Amino acid sequence: MTTQTASTNLIGKETTQTNWLQRLGRFLLFLFCEAAIFIFGSYYFDVFPTNKNLAFNLAVSAVFLIATLWFRYDKRLNRHWQIPLVFFAASIAYPFSAIFDGWIRGVLDWFSVTTETSKGLAIEKVCEMLLKTVPILVLVKLSGADFGSVFLKRGNLKLGLGIGALVFVFLATASFMFAAQRFTSIDTLVAAVLWGLVFSIVNSFMEELWLRGIFLKRFAPLLGVNASIWVTSITFAIMHGFAFYFEPFALAFFTINTLALGLACGYLMVKSDNIWGAVVIHAASDFFLFLAVLASA
């Protein structure tokens, strides 16, 4: 081997190692940013001092807004400015929900329902979905991007909905086999099924857009497709790992379950280039849990 060849090989190895370390650093940075929003800033559980803390949520949103403006007007960083933008878009979801909580209560009162019923849970979820997704969609359009950048497009609809429908049929029938017989009356079961479908579809659309759809195409140029799916799936799994509707011993299994769901939805979203198949798979999982939790109540 000549000296020149050895030198070239050494430079190649150093470049590869540098690229790997850069990607790892970005992966950890993006994971930390998502954790600040979805885990430490969560309103779904009360584990950390920052949970259900509006001041913390607003501070996180302010940091991402400043980062967005910095990246937008810095010539060196301008090509990546939509990364802090989608973090900002995701971060304002909890403050919006907290600020407009009274509106949600008003809607429930107007329908004369409470969250103790399947109808009330579904209506509350519709309100929550609107508060979380509408600001995201507005910011996407204001940024100059189209909805296809967050997978709201046709894509390979046959692939996405085909796989999604198979999973939905499998889990929906499993729900009836194990949960339906535990309901006390046919009316209660019918209500749980109808409102469970509304709850599941609305929640799955909200979470697939909010936790996955807005990030994957922004992350991919810096992380690669696989790492982008993993970082969003890890956040998705940890966020659900604090679910209040399971006994503590079951949470580890639920975390693994949601990690697998996140990976499946992420890969299907990328392969089909649309959100719809992932929404159907996610809805199937939510529908199964919705019936199971109500049947156990």
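Biologist: Which residues does S61 touch, not counting residues up to four places away in sequence?

Modeller: This is a predicted model, in which local features need pLDDT of at least 70, side-chain atom pairs count only at pLDDT 80 or more, and totals for chains, interfaces and linings use all residues. Residues are numbered from 1 along each chain as its sequence is written, and side-chain values use heavy atoms, with hydrogens and water left out. Contact means heavy atoms within 4.5 Å. With that excluded neighbourhood, S61 touches F88, S91, I92 and P95.

Biologist: Is S61 buried or exposed?

Modeller: Buried means under 20% relative accessible area, exposed over 50% and partly exposed in between, with a 1.4 Å probe and protein chains only. S61 has 6% relative accessibility, so S61 counts as buried.

Biologist: Why do the buried residues of α5 line one face of the helix?

Modeller: Helices are DSSP runs (H or I, at least four residues), numbered from the N terminus. The buried residues of α5, which spans residues 101–110, are I104, V107 and L108. Seen down the axis of α5, these residues line one face because the directions from the helix axis to their C-beta atoms fall within an arc of 100°.

Biologist: Which exposed residues does the face of α5 turned away from its buried side carry?

Modeller: The buried residues of α5 pack against α6 (118–142). On the face turned away from that buried side, the exposed residues are G102, D109 and W110.

Conventions:
Helix = DSSP H or I, 4+ residues; strand = E, 2+ residues; numbered from the N terminus.
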